[in-house]
Amino acid sequence: MTVDPRLTLTDVSVSYPSPTGDLDVLDGVSLTVEPGEFVSIIGPSGAGKSTLLHVVGGLVLPQSGHVLLDDEDITGTTGHISHMPQQPALFPWRTVLDNVLLAQEIAGVRGPDSTDQARAWLDRIGLADFADSLPHTLSGGMQQRVAFLRALLSPRPFMCLDEPFSALDALTRSDMQRWLLHLWEETRRSVLFITHNIEEALLLSDTIYVLSARPARVIEKVVVPFDRPREESVVDSAEFVRLRRDLTSLLRDAGARLPGASVGTAGSGLRLPDAASTPSALTSLELS
Ligand code: ADP
């Protein structure tokens, strides 16, 4: 099995020009996704999470800082990231199977084995009977499974999932979180996951980076303490409930800050697992 590359963001800052002056969105963001790690980014709405994803995907060129895949500097270049968006974005005229294989087809690597591999995966996720159906015959949750499979089977080396369950109803969302938990634990691909759902982040992730309000900085890094394979019942544990409460209040606090205000350090009084790390200590630890 191929080992995914390490993703490193070092000191990434982004400003957008606006009629009233530059809009500072990211302010020195540094983070790492180790090979086989599931990393979530959470932060208040408007903090800059999508901008961060666009920087990773090479669609936005940061004013400063770098994006590395292993030792390769990919800042401002596209073609390295497979992306699962908020909406499944399946082509309605292509069958489920052909949607799953779209990324391989675009990259010109759809080969004789691709169809067998995709059918085997569709079988594994309970969609074998829909391989030759059109997407509109599938429920929202099923369409998101297809979108995830398309990202998983993409030849691009790194996966970003951008609030993939936000358009689903609460029950389907909860089902999908558990589905992804189990499927991810089988595949162990490196994932950068954007969400504003704290419970989702705690259930799925190895590490969570918490962003402040815009201009976004990393105000906390949480190493999620729950074992793998992770039991779904972990959400009822006292530790989970405590972490969810602490992260909720941290995010409320971060969201309440005025744009441009200083956000302090990770020494925010939380009893998070690695609350001793300040952003600067974090940066040096991560980058050393
Ligand atoms: P989030 O995903 O956390 O909600 P975004 O990255 O979408 O945040 O947006 C952060 C801020 O940057 C918002 O104020 C948004 O209006 C602004 N913004 C995002 N993209 C652009 C752009 N292309 N040009 C100008 N401003 C932008």
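Predicted model: local features only at pLDDT ≥ 70, side-chain atom pairs only at ≥ 80, totals over all residues.
Q: OK. How far is the ligand oxygen from the polar backbone atom of Lys 49?
A: The distance is 2.9 Å, within the 3.5 Å cut-off.

Q: How much of the ligand does the protein bury?
A: 58% of the 570 Å² that the ligand exposes when taken alone.

Q: Which elements give two or more residues to the shell?
A: Strand 2 (23-33) and helix 1 (49-56). Helix 1 gives the largest share, three residues.

Q: Which residues are around the ligand?
A: Among them are Tyr 16, Leu 23, Val 25, Pro 44 and Arg 214. The list also includes Gly 46, Ala 47 and Gly 48.

Q: How does the shell divide by residue type?
A: Five nonpolar, five polar and two charged.

Q: New topic: strand 10. Why is it called largely enclosed?
A: Because five of its six residues, in the run 218-223, are buried. The rest of the structure does the enclosing.

Q: Does strand 9 run parallel or antiparallel to strand 10?
A: Antiparallel, with five bridges joining strand 9 (residues 207-211) to strand 10.

Q: What is the bridge partner of Tyr 209?
A: Lys 221, in strand 10.

Q: And what joins strand 9 to strand 10 in the chain?
A: A hairpin, through six residues.

Conventions
Residues numbered from 1 in each chain as written. Heavy atoms only, no water. Near = heavy atom within 4 Å. Polar contact = N/O pair within 3.5 Å; in protein donor to acceptor, adjacent residues only side chain to side chain. Areas by Shrake-Rupley, 256 points an atom, 1.4 Å probe, with all protein chains shown as cover. Helix = DSSP H or I, 4+ residues; strand = E, 2+ residues; numbered from the N terminus. Nonpolar A, V, L, I, M, F, W, Y, C, P; charged D, E, K, R; others polar. Buried < 20%, exposed > 50% of the residue type's maximum accessible area, 1.4 Å probe, protein only. Pairing = 2+ DSSP bridges.
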